[in-house]
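Good morning, and thank you for coming.

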Amino acid sequence: MTQDMTNDMTKDTDKQLAGRVALVAGATRGAGRALAVELGRAGATVYVTGRTTRERSSEVGRDTETIEETAELVTAAGGTGVAVPTDHLDPDQVRALVARIDREQGRLDILVNDLWGGEHLLVDSVFGKKSWETPLDDGLRILELGVRSHVITAALALPLLIRSDAPLHVEVTDGTAVYNRRYRENLYYDLAKNAPIRIAFGLGEELAEYGGTAVAVTPGFLRSEQMLGHFGVTEENWRDAAAQEPDFATAESPYYLARGVAALAADPERAARWNGRSTSSAELAKAYDLRDVDGSRPDAWAYFEEVKFGGKEGTPDDYR
């Protein structure tokens, strides 16, 4: 999404999260960036973290998106964006981040765990291989990026989060609890993408006494910057990628999930509706009457469940 498109979306926005403080851990690009922007559009102060800055790139190897740029997009959308370079596998860095938020804001209302950065390990090292064929170092790195980083961040940020009058913890993963009953192609990836669902379930139990909500969310087939680059397309001509991968016709922008999470964050009944649950961009869109940036309401997980693996007659366009 371009800067102009982001600015256009700020018009007539209800600042339902004005005065709220959010941390989006893993906001450099993709869903994390969009989540930060949409929370900002609703009026929140959003701390955005990641490892890629204008001075240094992470192992992902993309210097085209930075946390500074994300913070600027948050501010342009109407919120206050604060970029804090952080490696969430380093507890000392996370402690320093939490201490800064405490010092500057005195509390934290929304914590979004969107930490990942393991896509570069998947195609060559993971998918299509048995667990014992997967390079062990790559498998363990996937668990560090997709599980350990989430646990560290939650453990160190939750004491600040529970100061809020309505704490919200969001775990971002790939796949709903229902879909992820199916094996996710490789043991390490399967563990990494099921763990956030269990984290949200467990934290839902722990946050309930504080009036809190913990929820796991997933986009569908995501048109992230990295995925568009993989297919050699842009946001403007993304449908051309369906010639290579027909299922990509179900794809959604990162803002589809982000709009749903922002609506959930502003929902005073969210604990009763969502605590401990796993949900998707499509389910949130239906619950809050939202659409993607192109006006569609894609449901990739329903397409995969019903058509791809369920044998039902249908096309990707039937699920837009």
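The buried residues of helix α4 are Val-94, Leu-97, Val-98 and Ile-101; buried means under 20% relative accessible area, exposed over 50%, and partly exposed in between, with a 1.4 Å probe and protein chains only. They cover an arc of only 95° around the axis, which puts them on the same side of α4; the arc is that of the directions from the helix axis to the C-beta atoms. On the other side of α4, Asp-92 and Arg-103 are exposed. Helices (H or I, at least four residues) and strands (E, at least two) are DSSP runs, numbered from the N terminus.

This is a predicted model: local features need pLDDT of at least 70, side-chain atom pairs count only at pLDDT 80 or more, and totals for chains, interfaces and linings use all residues. Residues are numbered from 1 along each chain as its sequence is written, and side-chain values use heavy atoms, with hydrogens and water left out.

After α4 comes Gly-106, with a positive phi near 85°.

I turn now to the charged pairs. A salt bridge is a side-chain nitrogen of Lys or Arg within 4 Å of a carboxyl oxygen of Asp or Glu, and by this rule the count comes to 25. In one of them, Arg-223 meets Glu-235 at 2.7 Å, N to O. Arg-223 lies in the loop between β6 and α8, and Glu-235 in the loop between α8 and α9, so the pair ties together parts that are 12 residues apart in sequence. Arg-223 is buried, at 2% relative accessible area, and Glu-235 is buried at 18%. Finally, Arg-20, Arg-107, Asp-109 and Asp-165 are linked in a network of salt bridges.
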